[in-house]
Amino acid sequence: MVKRQLPKPLELMELMQFKKPDLDGRRRRLNNALTIDDLRVIAKRRTPAAAFDYTDGAADGEVSLARARQAFEDVEFHPDILRPAERVDMSTQVLGGPSAMPFGIAPTGFTRLMQTEGETAGAGAAAAAGIPFTLSTLGTTTIEDVKATNPNGRNWFQLYVMRQREISYGLVERAAAAGFDTLMFTVDTPIAGARLRDTRNGFSIPPQLSIKTIANAIPRPWWWIDFLTTPKLEFASLSTTGGTVGELLNSAMDPTISYEDLDVIRSMWPGKLVVKGVQNVPDAVRLIDLGVDGIILSNHGGRQLDRAPVPFHLLPQVVREVGKDATVMIDTGIMNGADIVASVALGAKFTLIGRAYLYGLMAGGRQGVDRTIAILRSEIARTMALLGVSSLEELEPRHVTQLRRLMPVQTDASVPSVR
């Protein structure tokens, strides 16, 4: 029999420990976000539908994005037991320089439309965390202002080849003069993908007021106050705006981009040159043979060709072919530090986050980006410790199995000839 007694007041007092209330609403909501998906929920609540969907959406039926995320969820880890990993070192060397963690911030366009701090929030948070920040050709902060925000950190520049080549060449020269150390030559956007959410929302640059947008803005007055009381958007490359994102891209981009353009940019750029948007093994091999410093396996976050190859599925094949000779990186679908660990285990030298960064930005500006980085840092460290590895160098393919839901159907063309 359990002996029962009346509660003692002193014992009750020990149990009644009240947490001091946090009067800072932004800090409180960000601290309550434990995952990137939590930040996404906050971002959706605080951002007009058109701006949120521009970030959250992908092309056509959004199959590529869904498959990319599913690929990371379909990872099985194989931990080693009785291998203490008391201290986890997440630092790495990539493209000739250091990074405190195996990920950086990917280039994103029209970023100040998501939240007015835009790229300065991303660059500042990257500087504080010791990771690279990438500015997009379609960014809304100038090359020089990003450098001023992150004067001692690693700044990278993502380049689209425009119809007016002089615009692209001028950006390359400005990025070099500002001390950016890496150029991302992007090859997967000869024309714009079909961003159906943008079309349905009537999303344009700059945003246009309509009955629908006004109705959507009423519960989110802070976004419009920020937008209307801060400096006009400035783009790294576009001198005029007006129209949907797809219309702007199609008017600016050149579908005739070729290897000759790569040669020209290579001759102009003094730093590391990376090709972003590689989606098959032969292209990866050819680019490395041509002497580029690295490649990024990417389907543009599912925002260009829908049903494109899943970069994470492609990663082991590419690493087998060129991994010893080149820096192989990956983006698309990364929403958890475990996704980053799995990528490194399968041979990626580095990873890039896009939407995860923007969810944090929309949820809380610079503090929200800091929170994104903190969440991923914690998830990386915990995953590595549970795997029994103390450094990124200890991660190996044996730590990961890719559980595939989609297997290619064998066709006559894929059956080896017996003759």
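**Contacts, cores and helix packing**

Trainee: Let's start with Arg26. Which residues does Arg26 touch, not counting those up to four places away in sequence?
Mentor: Arg26 touches Gln115, Glu117, Gly364, Gly365 and Gln367. Keep in mind that this is a predicted model.

Trainee: Where does Arg26 lie?
Mentor: In helix H2, which covers residues 25–31.

Trainee: And how far apart are the C-alpha atoms of Arg26 and Ala363?
Mentor: They are separated by 8.4 Å, although the two residues are 337 residues apart along the chain.

Trainee: OK, new topic: helix packing. At what angle do H6 and H17 cross?
Mentor: Roughly 20°, and the axes of H6 (residues 118–129) and H17 come within 10 Å. H6 is therefore roughly parallel to H17, since angles under 35 degrees count that way.

Trainee: What about the handedness of that crossing?
Mentor: H6 passes H17 in a right-handed crossing.

Trainee: Which residues meet there?
Mentor: On the H6 side they include Gly118, Gly122, Gly124 and Ala125, and on the H17 side Tyr357, Leu361, Gly365 and Val369 are among them.

Trainee: Now the nonpolar part. Which residues in the largest core touch the most other members?
Mentor: Phe103, Phe157, Phe180, Ile295, Phe312 and Val318, out of 107 residues in that core. Helix H17, residues 355–387, gives the most to this core, with 14 residues. Apart from that core lies another one of 10 residues, including Val94, Trp156, Ile296 and Leu352.

Trainee: What is Phe312 in contact with, leaving aside its neighbours within four places?
Mentor: Its partners are Ala71, Phe72, Val75, Ile330, Ala342, Ser343, Leu346 and Gln402.

Trainee: Last one, Gln304. Where is it found?
Mentor: In the loop between strand E9 (294–297) and helix H15 (311–322).

Trainee: Is Gln304 buried or exposed, and why?
Mentor: Gln304 counts as buried because its relative accessibility is 10%, and the cut-off for buried is under 20%.

Trainee: What does its side chain make a polar contact with?
Mentor: The side chain of Gln304 pairs with that of Arg195, at 2.9 Å. Beyond four places in sequence, Gln304 also touches residues including Ala59, Asp60, Asp188 and Asn299.

Definitions and conventions. Residues numbered from 1 in each chain as written. Predicted model: local features only at pLDDT ≥ 70, side-chain atom pairs only at ≥ 80, totals over all residues. Heavy atoms only, no water. Helix = DSSP H or I, 4+ residues; strand = E, 2+ residues; numbered from the N terminus. Buried < 20%, exposed > 50% of the residue type's maximum accessible area, 1.4 Å probe, protein only. Polar contact = N/O pair within 3.5 Å; in protein donor to acceptor, adjacent residues only side chain to side chain. Contact = heavy atoms within 4.5 Å. Core = buried A, V, L, I, M, F, W, Y, C linked by side-chain atoms within 4.5 Å. Axes fitted to C-alpha atoms, helices over the stretch in contact; angles between N-to-C directions. Parallel < 35°, antiparallel > 145°, perpendicular 65-115°, else oblique. Left-handed = near helix turned anticlockwise from the far one by under 90°.
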